[in-house]
Amino acid sequence: MTLVTIDDIRAAADRIRPHVVRTPLLAARWGDDDRPLWVKPENLQPIGAFKVRGAFNAIAAMTSTGARPPAVVAYSSGNHAQAVAYAAATYGLPAHIVMPEETPSVKVRATREYGANVVLCAAGEREAEAARVVADTGGVLIPPFDHPDVIAGQGTIGLEIAADLPAVHNVLIPVSGGGLASGIGVAVRALCPAAKIFGVEPELAADTTEAMALGHRVDWSIEDRNRTIADGLRSQPSDLTFTHLQQVLDGMITVSEDEIRSAVGDLAYRAHLVSEPSGAVALAAYRQGATPPGATVVILSGGNIEPALLQQILAERSPG
């Protein structure tokens, strides 16, 4: 198994620079005194989430030799779908995106608006359906996390953190399939070796936490993982991403559904940032106070939330 390196991530940064936002580190003055807080707002990306980085790197690497596939295919609960659709449109490639039927409509609608053909499927069937679409179209599959180019693209976030806050002590990263934490982890481990790197996932989808404790991947049913409000964190790591996570993470933190909802509210009221539940888990983990003292970065991975859900969450929690 070939793992992603810091050189791979630097090459990805060069490829995607014209297409993605170099998001700032925003100082959160409302953080703890002994753990100064910075937010990395990937919700500011063109498609509202970090996934655009990996999608552009994968397509740019694929087309760099001059060979163009007839189409690209992806499967995703939403943000990777939008990212591949957006990147494919930029490169003038047809995109076929397989999405679970329970995907929030805001993400399905946005994916179609980028010109992609959306194929809805039953829960747990998206990989098999994507394989059928590849066979039918002759397209090239861009998986949401199980690909070195995708991991390297996500890792460009780590390059930016290291450049903007080289003395960072803690980095908190949402974990689902593990591509984001793998890429950021490789970059931060190489450039800020003293930093502690923590993965974060919902208690209701804590397969990676269990796997890291046992030292091997575990399988949680899709029915169990679908219980969490964090719809973007219902995937499980692959062999490739789990191997990366074992090398770069210092620990895993789990958060409750109430903590996730509260963190969405905090980001809206205190940071003036819109976050989907999946994007707020790192802040939820920070608020537990379990990480060591020192400058802490939380990754706000995406902001594609159903308006009705955001309204409901904000009504539950007043500013303060």
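Strands β1 and β2 form a hairpin, with two residues between them. Helices (H or I, at least four residues) and strands (E, at least two) are DSSP runs numbered from the N terminus. The model is predicted: local features need pLDDT of at least 70, side-chain atom pairs count only at pLDDT 80 or more, and totals for chains, interfaces and linings use all residues. Residues are numbered from 1 along each chain as its sequence is written, and side-chain values use heavy atoms, with hydrogens and water left out.

Strand β1 covers residues 26-32 and strand β2 residues 35-41. The two run antiparallel and are joined by four bridges; pairing requires that DSSP finds at least two bridges between two strands. Aspartate 32 has arginine 35 of β2 as its bridge partner.

Helices α1 and α6 pack with their axes 8 Å apart, at an angle of about 95°. Axes are lines fitted to C-alpha atoms, for helices over the stretch in contact, and angles run from 0 to 180 degrees between N-to-C directions. The two helices are therefore roughly perpendicular (65 to 115 degrees; under 35 counts as roughly parallel, over 145 as roughly antiparallel, the rest as oblique). Helix α1 contributes Ile6, Asp8, Ile9, Arg10, Ala12, Ala13 and Ile16 to the contact (heavy atoms within 4.5 Å). Helix α6 contributes Ala152, Gly153, Gly155, Thr156 and Leu159. Seven of the contact residues are nonpolar, three polar and two charged.

The structure holds 13 salt bridges, each a side-chain nitrogen of Lys or Arg within 4 Å of a carboxyl oxygen of Asp or Glu. One of them joins aspartate 164 to arginine 22, with the closest N and O atoms 3.0 Å apart. Aspartate 164 lies in helix α6 (residues 148-164) and arginine 22 in the loop between α1 (6-16) and β1, 142 residues apart. Aspartate 164 is partly exposed at 35% relative accessibility, and arginine 22 is partly exposed at 45%. Buried means under 20% relative accessible area, exposed over 50%, and partly exposed in between (1.4 Å probe, protein chains only).

Glutamate 160 pairs with arginine 53 in a salt bridge, the closest N and O atoms being 2.9 Å apart. Glutamate 160 sits in α6 and arginine 53 in α2 (residues 51-63), so this pair ties together parts 107 residues apart in sequence. Both residues are buried. A network of salt bridges links Lys40, Glu42, Arg53 and Glu160.

Arginine 261 forms a salt bridge with glutamate 316, with the closest N and O atoms 2.6 Å apart. Arginine 261 is buried, with a relative accessible area of 18%.

Key: Ala, Val, Leu, Ile, Met, Phe, Trp, Tyr, Cys and Pro count as nonpolar, Asp, Glu, Lys and Arg as charged, and the others, Gly among them, as polar.
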